[in-house]
Amino acid sequence: MLWTTLLADAGYSSGENYAFLEKENIISYIPPHGTYKGGPEGFTFCKEENYWICPMGKKVTFRKTKMVTNSLQNHYLTKRSDCKNCPIKKKCLGKSHEKRIAITVYVEQYKRNNKRVQSKFGRYMKGKRQSTVEPVFGTLTQFMGLRKINTIGIAQANKVMHMSATAYNLKKLMKFMNKTAETMTNQAIVLFHSLKKCIGLIRVNLST
């Protein structure tokens, strides 16, 4: 199966996911996680030389890249002397002695994804996801036994999920068949009344 567009909720938001999907030429519409920030407010990023400039014009220079809570981040730091007599030191640093900035290395991927999510088509796709995909998962977890899987191993869990999905599809099929039967019954009633009127008209014409 080939596809070019992928929808998911914020639980699947990560720079690694965005980068992987771009590499595979798949367009993502995944809203960013609530903890994501594009950078500190009032600071300007100089991409070419890889440093930030604070509101007072001081550089926050790159120091290292490290993994933090399963997220690869770039870390930036000012000099203590730059912040020592700064008029907004308390507001900017709190109790620290220098400004520290930690931001994901996948900023550009985040920006491109977020722009798509916030577009008109992105909002339309979000509505499609919420109306077609999420209700299915809600029904499966709340009414079809998938809130917790008590089997051991992936193979057994897969069987449980298939059985739950089968039960869900059978319920949908039964509703569809009932609606179809009701529609056919209504059509038959209308047709019967139409034939009855036609027969009545024929009788009147024959009698005259």
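The legends below describe close-up views of a predicted model.

The model is predicted, and local features need pLDDT of at least 70, side-chain atom pairs count only at pLDDT 80 or more, while totals for chains, interfaces and linings use all residues. Residues are numbered from 1 along each chain as its sequence is written, and side-chain values use heavy atoms, with hydrogens and water left out.

**View A. The buried residues of helix α1 and what covers them.**
Helices (H or I, at least four residues) and strands (E, at least two) are DSSP runs, numbered from the N terminus. In α1, which spans residues 15-23, the buried residues are G15, Y18 and L21. These residues lie on the same side of α1, because they cover an arc of only 130 degrees around the axis, where the arc is that of the directions from the helix axis to the C-beta atoms. Buried here means under 20% relative accessible area, exposed means over 50%, and partly exposed is in between (1.4 Å probe, protein chains only). The cover over the buried residues of α1 includes β1 (5-7), β2 (27-29) and α4. Just after α1, N25 takes a positive phi of about 60 degrees.

**View B. The salt bridge between E22 and R112.**
A salt bridge is a side-chain nitrogen of Lys or Arg within 4 Å of a carboxyl oxygen of Asp or Glu, and by this rule the count comes to 4 salt bridges. In one of them, the side chains of E22 and R112 meet at 3.0 Å, N to O. This pair links distant parts of the chain, since E22 belongs to helix α1 and R112 to helix α4 (residues 107-118), 90 residues apart. E22 is partly exposed, with a relative accessible area of 26%, and R112 also counts as partly exposed, at 37%.

**View C. The salt bridge between R80 and E98.**
The closest N and O atoms of R80 and E98 are 2.8 Å apart. R80 sits in helix α2 (residues 80-84), whereas E98 sits in the loop between α3 (89-93) and β7 (100-104), so that the pair links distant parts of the chain, 18 residues apart. R80 is exposed, with a relative accessible area of 52%, but E98 counts as buried at 8%.

**View D. Helices α5 and α6.**
The axes of α5 (residues 120-132) and α6 (residues 134-143) come within 3 Å and cross at roughly 25 degrees; axes are lines fitted to C-alpha atoms, for helices over the stretch in contact, and angles run from 0 to 180 degrees between N-to-C directions. That crossing makes α5 roughly parallel to α6 (angles under 35 degrees count as roughly parallel, over 145 as roughly antiparallel, 65 to 115 as roughly perpendicular and the rest as oblique). R129, Q130, S131 and T132 of α5 meet E134, P135 and V136 of α6, where contact means heavy atoms within 4.5 Å. E134 and R129 also form a salt bridge, the closest N and O atoms being 2.3 Å apart. E134 is partly exposed at 32% relative accessible area, while R129 counts as buried at 7%.

**View E. S164 in helix α7.**
S164 has its place in α7, which runs over residues 154-207, and counts as buried at 6% relative accessibility. Leaving aside neighbours within four places in sequence, S164 is in contact with L140, M144 and L146.
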